Amino acid sequence: MRFIQFELRLLWQNKLFKWLMAAYLLAALLAIIWGQMGLQREYQQRAISEANYQAELADYKKDAPLAPYDSGYMSYYQFHPVWQKPSAWSALIQGERSEAATHTRVRLLGLQSQLSNTATGNIAAMPIGKLDLSFIWIYLMPLLIAALSLNLLAEEKASGRWSLLASQVANSGLLLTKKMLIAAGLLAMVNVLILLAAVVLTDIRFDGLWWQIAAILLAYQLCWFVITGWIISLQRSAIFNSLLFISLWIVFAFVLPGLAYLYQTQQQQPAEHVSMVFDQREYMHDSWDRDKQADFDVYLQDYPQWHTTESTLQKPFDWRWYYAMQHMSDVIVADAVNQFRDSRIHSHRFGETFAWLSPVMRVQYSMNRLADTDMLASQSFLDQVADYQQQLRDYFFQFYFFDQPFTAADFTKIPVFDYRPIVPNNALITLINLVIVGLFFIGLILLQTRRNRG
């Protein structure tokens, strides 16, 4: 107990330690506040979009009941808002939300063309990302750990205390381990304080998800302390320790993720996605010059649920044919859409597998998944948008194909988009990965300790 009190007194007298911990805590609190402000702005934008949508529907409702021909115009001009509703944790762990569209509008036209015209979020922030709490935890915290403990042995030797302390104990390595554990314990207390502040300042709840993120964070912190412990066990100069740590940090944080990213971008083949959109538009444009009745007959054969008492097009322009061809423009590129979707998921799975080599990648993937801000969430959103447009098609087509008027009561039955987040996560895999990395470096420490004694 006296040893702990003595070490705490030394740390408190260390101005660098106090400034670093204060700066780390302040940066984390600012990231929480900024993240929550950004989340509130997103909710405000959603509220404005919903209000405009309801106002547009109210204007159409004034003219109800609408004849099928008039309601066809409504489906052409009326956009329906869709929104990837963020989780409370997305304020702190933004993941890939800034790189993908999370709020857009769709109508009964070709879906893929609409999605390709959707803005991808904050484009200016995409090259560098956004400063959020996960960035501070994953990338800056290892540097803080290095500053707190990396040159601990060198500082003790420089102060002249090490020879005195080592002479009073049988195992100097155990003494050094205790000193590092005290620093680790203080940092763990600060991290728990940050997590508790997140509960107070945001909509995050003290639930199972909170415990999972806390466990991953503390395991990640301990992993980096073990890495610094191995570097210290080499008993080299302070400059060598710093260079070795920075080298490992660069490999884990940039080199390995960069290699994985290069492979992932090659697998996704964005050029094919652009070609797919071109094929869809070309099909729809060419349909104006083809035999409309023949195309409509083929559509009715493929979708018999829309057979009507009068399958012959009576006018030069018929909304039934128009929306049928818009649907078919999605159908002809369906295989390409599925291939692109599969390539995205495959590249993500590859990244998760490759993350076994890097604790930085592993924790990033895990936290993004827990916050529902990863690529899987983005793809799930796109899948749900496609399902929602099919709901709109099923709803509105019954008026066009069965010659039914659109009454005031029918406005209340228009399908509403409701995003459903993905439930599964990989928290357990992440903890296992961090334990394996930690045990690997503990093995290196034990091996180096034997060499030092020999």
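The protein chain contains 18 helices and two strands, where helices (H or I, at least four residues) and strands (E, at least two) are DSSP runs numbered from the N terminus. This is a predicted model, in which local features need pLDDT of at least 70 and side-chain atom pairs count only at pLDDT 80 or more, while totals for chains, interfaces and linings use all residues. Residues are numbered from 1 along each chain as its sequence is written, and side-chain values use heavy atoms, with hydrogens and water left out.

**Confidence**
- The mean pLDDT of the protein chain is 86, and 87% of its residues reach 70 or more, pLDDT being the predictor's confidence in each residue, from 0 to 100.
- Confidence is lowest in helix α7 (residues 162-167), with a mean of 51, and highest in helix α15 (residues 359-370), at 96.
- Over residues 122-128 the pLDDT is below 50, and this stretch has six contacts in the model beyond near neighbours in sequence, a contact meaning heavy atoms within 4.5 Å.
- Where pLDDT is low, the predicted coordinates should not be read in detail.

**The chain as a whole**
- Of the 454 residues in the protein chain, 46% are buried, which means under 20% relative accessible area, with exposed set at over 50% and partly exposed in between (1.4 Å probe, protein chains only).
- Among contacts with a separation of 6 or more, 81% join residues 24 or more positions apart.

**Cavities**
- The model has two cavities of 30 Å³ or more, a cavity being a set of points on a 1 Å grid over the protein atoms alone where a 1.4 Å probe fits but cannot get out, and lining residues having an atom within 4 Å of a point.
- The largest cavity has a volume of about 50 Å³, a volume being the space filled by probe spheres set on the points, which are joined across faces, edges and corners.
- Residues lining the largest cavity include Arg46, Glu50, Tyr53 and Pro81, and helix α2 (residues 15-61) gives the largest share of this lining, three residues.
- The second largest cavity, of about 30 Å³, is lined by residues including Gln84, Arg97, Thr373 and Asp374.

**Glu99**
- Glu99 is found in the loop between β1 (80-83) and β2 (103-106), and counts as partly exposed because its relative accessibility is 41%.
- Although Glu99 and Asp374 are 275 residues apart in sequence, they are 10.0 Å apart in space, C-alpha to C-alpha, and Asp374 is also one of the residues lining the second largest cavity.

Conventions
1 Å grid on protein atoms, 1.4 Å probe; cavity = no way out; pocket = protein on both sides within 12 Å on 5 of 7 lines; lining within 4 Å.
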